[in-house]
Every structure is written in structure tokens, then in C-alpha cells.
Amino acid sequence: LLVTRNPATLARWSTYKGLGFVAVTSIALFAALHRRLRRIQRARHALAESEIRFRTTFEQAAVGIAHLSPDGRWLRVNQRLCDILGYPPSELLHRTAHELTHPDDLPPDLERLDALLAGSLHTCSLEKRYLRKDGTPVWTQLTLSLVRDPAGAPAYFVSVIEDITTRKLGEEALRESRETIQVLAAHQQRLLEADRARIAREVHDELGGLMTGLKMDLRWRSEE
């Protein structure tokens, strides 16, 4: 290697060296930035695909699905839930779940919501009645869970609602059939007991008549 002490040459060499360092550093930074941008693009793509899958699952589910605010307002509803309750989405989103709950089922419903908000329950499931737009009750199987924000505060409830009216009507019909059978069986038992009592009376009366006739016959014979 040649060594020079020429100030101009040394200055040029320092400049070239500095420019090379800047170039290498710039290339490295550009490569790092490019890798970061690719990761961001992949993350955005994965997020978009996840959102599509979620939206498809949400909208095409065979059960009603909704997001509820902590105070019971519908935040997001799928078409199946609208079909169950008889409301179009635009109307349902202006109502609350409490308004559409059957009055007899509201107190236990609120108790479970409070338990979820307090953290004593992580999820819950119950049978309850909603009131459809035409006022008729619809039996549902409701499953609730609470989603919290990063700070731990309640964000919204995830509500899954299955229409079980047909099953409940079948259970009611079965219960009524059992009650009818029990009533008929009790009535039949009373009839049997009445028949036994009647037969016993008839036998008693007939035996009593035979004994009376036998006594009279014996008396007549003794008098002879």
C-alpha cells in the first residue's frame, strides 16, 4: 500500500471513505425499511383476510350473533338475529336488548350481566324469551361473554342467540301430555276404587240377605 502525506489526497480519501460509509449505511437502512414495509403489508393482508372471515362467519351463521354495549344497546347484529326477532337491522340497532326481553326473564338476565361485568363470571348461558316485533314471545338459548379493552374495562358483550321455540313447544306439549296421563290415571284409579267399593257393598248385601234367609230357614225348621 502506498502511504501519502499529501493533505489534498488525505482529504479526498476521507471524503470517499465517508461517502462509502453513508452509502453502506443507506443501503442497510433501505433494506431494513423494505423488510419492515413487507412485514406491515403481510400483517395488513392477514388482518384483511381475518376481517373477511369474521364478517362471513358473523353474517352467515345459523344462529343469531350480536355485539352489545355494557348498557344493553345492540352495536352489531347479523341477519339471523334479525330474522329471529322480526326486526330489520336498521330498527333493531335503535332498540336495546332489555326492551325486547320478556318482563319475566329480565331480572335473571340482568343478574348475569352484572356478574360478567364484575368478573365473577367469564361466560354464561341461559334460556330466555325475547319479544318479537309483532309482540309474540320467542324462546332462545342465550350465551354471553364479555370482551374487555386493553385497559381491562368492559368493551362489549358477544351474544349468541339460538331459537329454541320449537323445542320448548315440544317440551310443553310433552309436559301437558304427562299431566293429562296423570289426571286420567288418577281418574281411572278412583273409578277402580269406586267399583271395588260397589262390588264389596253388593257382596256384603247379598251375603247379608243369604244369612238372613238361612237364619229364617233354620228358625222355621226348629219350630217344626
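## Pairing across the sheet

In this predicted model, leucine 144 stands opposite serine 159, a residue of strand E5. The strands concerned are E4, covering residues 137-148, and E5, covering residues 154-163, which run antiparallel and are joined by nine bridges. Strand E4 also pairs with E3, again in the antiparallel sense and over nine bridges, and in this pairing threonine 123 stands opposite serine 145 of E4.

These pairings belong to an open sheet of five strands, whose order is E2-E1-E5-E4-E3 and whose pairing is antiparallel. At its edges lie strand E2 (74-77) and strand E3 (123-131), each of which pairs on one side only. On average, and with direction ignored, neighbouring strands of this sheet are turned by 30° against each other.

## The chain as a whole

Which pattern does the chain follow when it is read along the sequence? The pattern is α-β-β-α-α-α-α-β-β-β-α, and it is made up of six helices and five strands. One of the helices, H5 (residues 106-118), lies across E3, E4 and E5, and runs at about 10° to E4.

The chain has 224 residues, of which buried residues make up 20%. If we consider the contacts in the chain with a separation of 6 or more, residues 24 or more positions apart account for 40% of them.

## The hairpin and proline 137

The hairpin of E3 and E4 has five residues between the strands, and in this hairpin glycine 135 takes a positive phi near 90°.

Proline 137 lies in strand E4.

In one of them, the side chains of glutamate 91 and lysine 133 meet, with a distance of 3.0 Å from N to O. This pair links distant parts of the chain, since glutamate 91 belongs to helix H3 (residues 89-92) and lysine 133 to the loop between E3 and E4, 42 residues apart. Glutamate 91 counts as partly exposed at 34% relative accessibility, and lysine 133 likewise counts as partly exposed, at 46%.

Another salt bridge is formed by aspartate 109 with lysine 128, and the closest N and O atoms of this pair are 2.6 Å apart. Here too distant parts of the chain are linked, with aspartate 109 in helix H5 and lysine 128 in strand E3, 19 residues apart. Both aspartate 109 and lysine 128 are buried.

## A network and a ring

Which side chain does arginine 167 meet in a salt bridge? The partner is glutamate 127, at 2.3 Å from N to O. Arginine 167 lies in helix H6 (residues 165-223) and glutamate 127 in strand E3, so that this pair, 40 residues apart, links distant parts of the chain. Salt bridges that share partners join Glu127, Arg167 and Lys168 into one network. Arginine 167 is partly exposed, with a relative accessible area of 38%, and glutamate 127 counts as partly exposed at 33% relative accessibility.

Lysine 168, which belongs to this network, also lies over the face of tryptophan 139, at 4.4 Å from the ring centre. As for pairs of aromatic rings, the structure holds zero of them.

Note on methods
Residues are numbered from 1 along each chain as its sequence is written. This is a predicted model: local features need pLDDT of at least 70, side-chain atom pairs count only at pLDDT 80 or more; totals for chains, interfaces and linings use all residues. Side-chain values use heavy atoms; hydrogens and water are left out. Two strands pair if DSSP finds at least two bridges between them. Helices (H or I, at least four residues) and strands (E, at least two) are DSSP runs, numbered from the N terminus. Axes are lines fitted to C-alpha atoms, for helices over the stretch in contact, and angles run from 0 to 180 degrees between N-to-C directions. Contact means heavy atoms within 4.5 Å. Rings of Phe, Tyr and Trp (its six-membered ring) pair if their centres lie within 6.5 Å; planes under 30 degrees apart count as stacked, over 60 as edge-to-face and the rest as tilted. A charge sits over a ring if NZ of Lys or CZ of Arg is within 6 Å of the ring centre and within 35 degrees of the ring normal. A salt bridge is a side-chain nitrogen of Lys or Arg within 4 Å of a carboxyl oxygen of Asp or Glu. Buried means under 20% relative accessible area, exposed over 50%, partly exposed in between (1.4 Å probe, protein chains only).
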